[in-house]
Amino acid sequence: MKSVLMTLMVLVLSRYVPAQDYWLDFEQLEDSLRANPKPVFLYFQTDWCSYCRKMEAEVFTKEIISTELSEHYYAVKFDAEYPEDVLFDGKRFSNRNLKKSRTPFHDIALLFSGEQKAFAPPLIILLDERFFIRKKINSYLDSKSLYTLLSSHR
């Protein structure tokens with residue numbers, strides 16, 4: 001009886017939480033850009049970042065945001081402390097800081113954050129279809145601010 005009740009609750013609640021199936025990894029992004037170029041939304045986060053968790057719970061779950069991202073962007077969500085190598089654009093990116101630093105940021109996160117300042121999550125980067133940076137933001141954005149940003153840079 002409990003399992004039937006739990007199943008019903010999951011089904012009912014899932015109607016109110018929009019699916020977040022628009023996230024790609026860097027390999028999928030490369031394939032998608034090759035097949036059909038369009039703007040790119042990069043979101044770098046970490047497990048310990050409270051503002052990242054807040055964005056994932058309160059912003060990315062909004063239907064207006066998920067619709068904007070899935071219809072007008074290729075969206076990549078990346079753990080900035082990811083321990084594995086990433087192949088992108090014919091290059092291998094690694095986490096050379098793993099086991100060397102308290103904050104072992106991956107090389108691909110450091111590349112996109114820029115060399116002039118230290119990496120700080122959440123990091124949001126908007127790129128055009130040719131992969132040129134249009135906007136870089138190192139802070140929490142509420143759903144209204146993120147929607148304004150996304151709709152003005154498509």
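Modeller: Strands pair if DSSP finds at least two bridges between them; strands (E, at least two residues) and helices (H or I, at least four) are DSSP runs, numbered from the N terminus. This is a predicted model, so to speak of local features we need pLDDT of at least 70, and side-chain atom pairs count only at pLDDT 80 or more, while totals for chains, interfaces and linings use all residues. Residues are numbered from 1 along each chain as its sequence is written, and side-chain values use heavy atoms, leaving out hydrogens and water.

Colleague: Fine. In what order do the five strands come in the sheet?

Modeller: Read across the open sheet and you get β1-β3-β2-β6-β7, with mixed pairing. The edges are β1 (23–24) and β7 (133–137); each has a single partner strand, so one side of each lacks a neighbour in the sheet.

Colleague: How many bridges join β6 to β7?

Modeller: Four, between antiparallel strands, with β6 covering residues 123–127. One to look up is Leu127, whose bridge partner in β7 is Ile133.

Colleague: And which strands does helix α6 touch?

Modeller: Contact means heavy atoms within 4.5 Å. Angles run from 0 to 180 degrees between N-to-C directions, with axes fitted to C-alpha atoms, for helices over the stretch in contact. Helix α6 (residues 143–152) packs on the sheet against β2, β6 and β7, and its direction makes about 20° with that of β6. Helix α3 (residues 50–58) lies across β2 (40–45), β3 (74–79) and β6, at about 130° to β2.

Colleague: Is Ser113 buried or exposed?

Modeller: Buried is under 20% relative accessible area, exposed over 50%, partly exposed in between (1.4 Å probe, protein chains only). Ser113 sits in helix α5 (residues 107–113), and its relative accessibility is 4%, so Ser113 counts as buried. Beyond residues up to four places away in sequence, Ser113 touches Phe119, Leu123 and Lys136.

Colleague: Which residues of the largest nonpolar core touch the most other members?

Modeller: A core is a set of buried Ala, Val, Leu, Ile, Met, Phe, Trp, Tyr and Cys residues joined through side-chain atoms within 4.5 Å. Among the 22 residues of this one, Phe26, Leu29, Leu42, Phe44, Ile108 and Phe112 touch the most other members. Two or more residues each come from α2 (26–35), β2, β3, β4 (86–88), α5 and β6. Setting aside neighbours within four places in sequence, Phe112 contacts Phe26, Leu42, Phe44, Leu123, Ile125, Leu127, Phe131 and Lys136. Another core, of 20 residues, lies apart from the largest one and includes Cys52, Ile65, Tyr73 and Leu126.
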